[in-house]
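Work through the following exercises with the sequence and coordinates at hand, trying each task before reading its solution.

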Amino acid sequence: CPSSSGKPNHADILLVNLQYVSEVEIINDRTGTPPPLASLNVSKLANKARTEKEEKMSQAYAISAGVSLEGQQLFQTIHKT
């Protein structure tokens with residue numbers, strides 16, 4: 001159904017547990033085809049996945065080396081600037 005936020009490129013999704021449904025009534029049957037799905041930028045997704053993996057590995061190494069949470073956060077802050 002249309003987005004409750006009013007954004008034209010978004011839609012609200014309603015989920016219904018059909019195990020609890022005893023009767024179904026079709027109010028409005030759609031005959032038209034839905035708009036095409038947006039294309040995915042695979043390279044951007046791959047870069048994001050690689051970056052997240054590197055960050056998780058860095059965090060795992062820091063934890064195994066006994067670095068405190070504050071020290072990890074400080075390093076991340078310095079590294080991003």
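**Exercise 1.** Is Leu18 buried or exposed?

Solution. The model is a predicted one, in which local features need pLDDT of at least 70 and side-chain atom pairs count only at pLDDT 80 or more, while totals for chains, interfaces and linings use all residues. Residues are numbered from 1 along each chain as its sequence is written, and side-chain values use heavy atoms, with hydrogens and water left out. Burial is assigned from relative accessible area with a 1.4 Å probe and protein chains only: buried is under 20%, exposed is over 50%, and partly exposed is in between. Leu18 has a relative accessibility of 62% and therefore counts as exposed.

**Exercise 2.** Identify the salt bridge and describe the setting of its two partners.

Solution. Side chains of opposite charge can pair when their charged atoms come close. The criterion here is a side-chain nitrogen of Lys or Arg within 4 Å of a carboxyl oxygen of Asp or Glu, and by this rule the count comes to one. The partners are Arg50 and Glu54, whose closest N and O atoms are 3.4 Å apart. Because they are four residues apart in helix H1, about one helical turn separates Glu54 from Arg50. Glu54 is partly exposed at a relative accessible area of 46%, and Arg50 is partly exposed at 43%.

**Exercise 3.** Which residues does Gln72 contact, leaving aside its neighbours within four places in sequence?

Solution. Begin with location: Gln72 sits in helix H2 (residues 69-80), and its relative accessibility of 12% makes it buried. With contact taken as heavy atoms within 4.5 Å, the residues that Gln72 touches beyond those neighbours are Gln59, Ala62, Ile63 and Val67.

**Exercise 4.** Compare the span of H2 with its expected value, and then decide how far the helix is covered.

Solution. The expected span is 1.5 Å times one less than the number of residues. H2 has twelve residues and reaches 17 Å from its first C-alpha to its last, close to the expected 16 Å. Of these twelve residues the number buried is one, so H2 lies largely in the open. Phe75, also in helix H2, is partly exposed at 48% relative accessibility.

Note on methods:
Helix = DSSP H or I, 4+ residues; strand = E, 2+ residues; numbered from the N terminus.
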